[in-house]
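Here is a briefing on one chain fold. Look over the sequence and the coordinates before reading on.

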Amino acid sequence: MNDAQEGKKRVYIFLDIDGTISSSVHKIEPEVALYLNEISSRGFILVFVTGRSYHWALDSLKFLRSPYLFSWQNGAVVAAIPSGEILYKKYIGKGVILIADKIAEEHSEDYVIYTGIENDSRCYF
């Protein structure tokens, strides 16, 4: 029996990518990759959460051999990988963008909006 299957409860481990499992933008140390693959094979469900866009972050996780959950754009989307099935999706609405525009203008600042994988993760700023 796998460690995570005792009592038949699912055990999820949530991890950030940048600075938590990675030492640089696209580099996961071999020891970290080995450990994550080991605990995944023992039945733990890995969930990776990032503020990155889909394409930028997914490349960092190519070392994984077992299925996992992946959440990008600060939790706006959650998918099962490798199937790609979208489990949750909630983008910000136009009203929020209008408020962000006003705040940015008042403070002479800029911001970036990612459009999502449906639009090839194009960004606007």
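This is a predicted model: local features need pLDDT of at least 70, side-chain atom pairs count only at pLDDT 80 or more; totals for chains, interfaces and linings use all residues.

Residues are numbered from 1 along each chain as its sequence is written, and side-chain values use heavy atoms, with hydrogens and water left out.

**Nonpolar core**
- The largest nonpolar core has 22 residues. Such a core is a set of buried Ala, Val, Leu, Ile, Met, Phe, Trp, Tyr and Cys residues joined through side-chain atoms within 4.5 Å.
- Buried means under 20% relative accessible area, exposed over 50%, and partly exposed in between (1.4 Å probe, protein chains only).
- Ile21, Leu36, Phe48, Leu61, Leu64, Tyr68 and Phe70 touch the most other members.
- Two or more residues each come from helix H1 (30-41), strand S2 (45-49), helix H2 (54-58), strand S3 (68-72) and strand S4 (77-81). Helices (H or I, at least four residues) and strands (E, at least two) are DSSP runs, numbered from the N terminus.
- Beyond four places in sequence, Leu36 contacts Leu15, Ile21, Leu46, Phe48, Phe63 and Leu64. Contact means heavy atoms within 4.5 Å.

**Helix H1**
- H1 has 12 residues and reaches 16 Å from first to last C-alpha, close to the 16 Å expected at 1.5 Å a residue. The expected span is 1.5 Å times one less than the number of residues.
- Ala33, Leu36, Asn37, Ile39 and Ser40 of H1 are buried. They lie on the same side of H1, because they cover an arc of only 165° around the axis. The arc is that of the directions from the helix axis to the C-beta atoms.
- Exposed Pro30, Glu31 and Leu34 sit on the face turned away from the buried side.
- Strand S1 (12-16) and S2 are among what covers the buried residues of H1.
- Gly43 follows H1 and has a positive phi, near 105°.

**Strands**
- Val47 is found in S2. Val47 counts as buried because its relative accessibility is 4%.
- The C-alpha atoms of Val47 and Leu69 are separated by 4.6 Å, though the two are 22 residues apart along the chain.
- S2 and S3 pair in the parallel sense over three bridges. Strands pair if DSSP finds at least two bridges between them.
- Phe48 has Phe70 as its bridge partner in S3.
- From S3, Tyr68, Phe70 and Trp72 point one way and Leu69 and Ser71 the other, and all are buried.
- S3 and S4 run antiparallel, joined by five bridges. Trp72 stands opposite Val77 in S4.
- Four residues lie between S3 and S4 in their hairpin, where Gln73 takes a positive phi near 50°.
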